[in-house]
Amino acid sequence: GNEVNAVNKANDPECKVRFAMCFPDVYEIGMSHLGIQILYDMFNQWEDVWCERVYSPWVDLDKIMREKNIPLFALESQDPIKDFDFLGITIQYEMCYTNILQVLDLAQIPLRTKDRTWEHPIVIGGGPCVYNPEPIADFFDITLQELIGGKIGYDKSPQKDDEEYKLLLLKKGLINETDDISEEDAKRLIQFAVDNKDYLIKKKD
């Protein structure tokens with residue numbers, strides 16, 4: 001976690017949201033992925049967000065972590081992923097599907113979204129494989145086909161819609177793209193989540 005350009009906001013009082021960005025493969029493969037580097041930089045430009053990286057450990061380290069009951073942790077702070085607000089997982093190829101389950105299990109996060117509470121991070125899936133998210137939909141609270149730049153370029157929803165989305169958030173712990181929801185509504189839902197970070201964190205507490 002001490003590479004050139006690594007970001008550490010451990011002592012930053014402005015940082016209120018913890019985001020773990022996961023490439024579900026070993027560090028030697030995932031660290032060179034340009035998409036992760038772009039998102040890492042983008043999120044960390046937001047003063048109130050600290051984005052850290054996490055990778056799937058090799059089988060030898062996996063064995064030790066399970067034996068010692070060490071939960072999967074972030075590269076920069078070495079804080080447990082289960083204590084973060086969001087866990088974003090990029091899904092670049094189908095061969096990493098089992099690694100996703102390894103990451104969740106090693107992080108001590110329930111595998112299925114229906115078994116999670118606000119005590120767990122919101123698990124987001126992105127990348128090429130979410131164009132067909134159904135095989136892994138049960139394990140993600142949200143799947144995104146595209147990331148919208150900046151802090152989501154949409155106006156805040158009207159209050160009436162905010163309440164509707166709030167009910168959706170409470171019902172499913174956000175929502176899967178496989179549900180019957182339009183792309184526009186999905187973007188507005190993400191906007192609501194961004195605009196109401198304090199509310200989401202309060203619900204987790």
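Predicted model: local features only at pLDDT ≥ 70, side-chain atom pairs only at ≥ 80, totals over all residues.
**Overall architecture**

The secondary structure of the protein comprises 7 helices and 5 strands. Read from the N terminus, these elements follow the order β-α-α-β-α-β-α-β-β-α-α-α. The protein has 205 residues, of which 46% are buried. Among contacts between residues at least 6 apart in sequence, 73% join residues at least 24 apart.

**Helix 3 and helix 4**

Helix 3, residues 59-67, packs with helix 4, residues 97-106, at an angle of about 25°, and the two axes lie 11 Å apart. Because angles under 35 degrees count as roughly parallel, helix 3 is described as roughly parallel to helix 4. The crossing of helix 3 past helix 4 is left-handed. On the side of helix 3, the contact involves D62, M65 and R66, which meet Q102, D105 and L106 of helix 4. Classified by residue type, this contact of helix 3 with helix 4 holds 2 nonpolar, 1 polar and 3 charged residues.

Helix 2 spans residues 34-44, and its buried residues are I36, Y40, M42, F43 and N44. The cover over these buried residues includes strand 1 (17-23), strand 2 (49-55) and strand 3. Strand 3 consists of residues 86-90 and contains F86. The C-alpha atom of F86 is separated by 9.3 Å from that of C51, although the two residues are 35 apart along the chain. F86 counts as buried because its relative accessibility, 11%, is under the 20% cut-off.

**Cysteines**

A disulfide is a covalent bond between the sulfur atoms of two cysteines. In this model the count of disulfides is 0.

| Cysteine | Nearest cysteine sulfur | Distance |
|---|---|---|
| C22 | C96 | 8.8 Å |
| C96 | C129 | 6.0 Å |

Regarding solvent accessibility, C22 counts as buried because its relative accessibility is 0%. C96 likewise counts as buried, with a relative accessibility of 1%.

Note on methods: Residues numbered from 1 in each chain as written. Heavy atoms only, no water. Axes fitted to C-alpha atoms, helices over the stretch in contact; angles between N-to-C directions. Helix = DSSP H or I, 4+ residues; strand = E, 2+ residues; numbered from the N terminus. Parallel < 35°, antiparallel > 145°, perpendicular 65-115°, else oblique. Left-handed = near helix turned anticlockwise from the far one by under 90°. Contact = heavy atoms within 4.5 Å. Nonpolar A, V, L, I, M, F, W, Y, C, P; charged D, E, K, R; others polar. Buried < 20%, exposed > 50% of the residue type's maximum accessible area, 1.4 Å probe, protein only. Disulfide = S-S within 2.5 Å.
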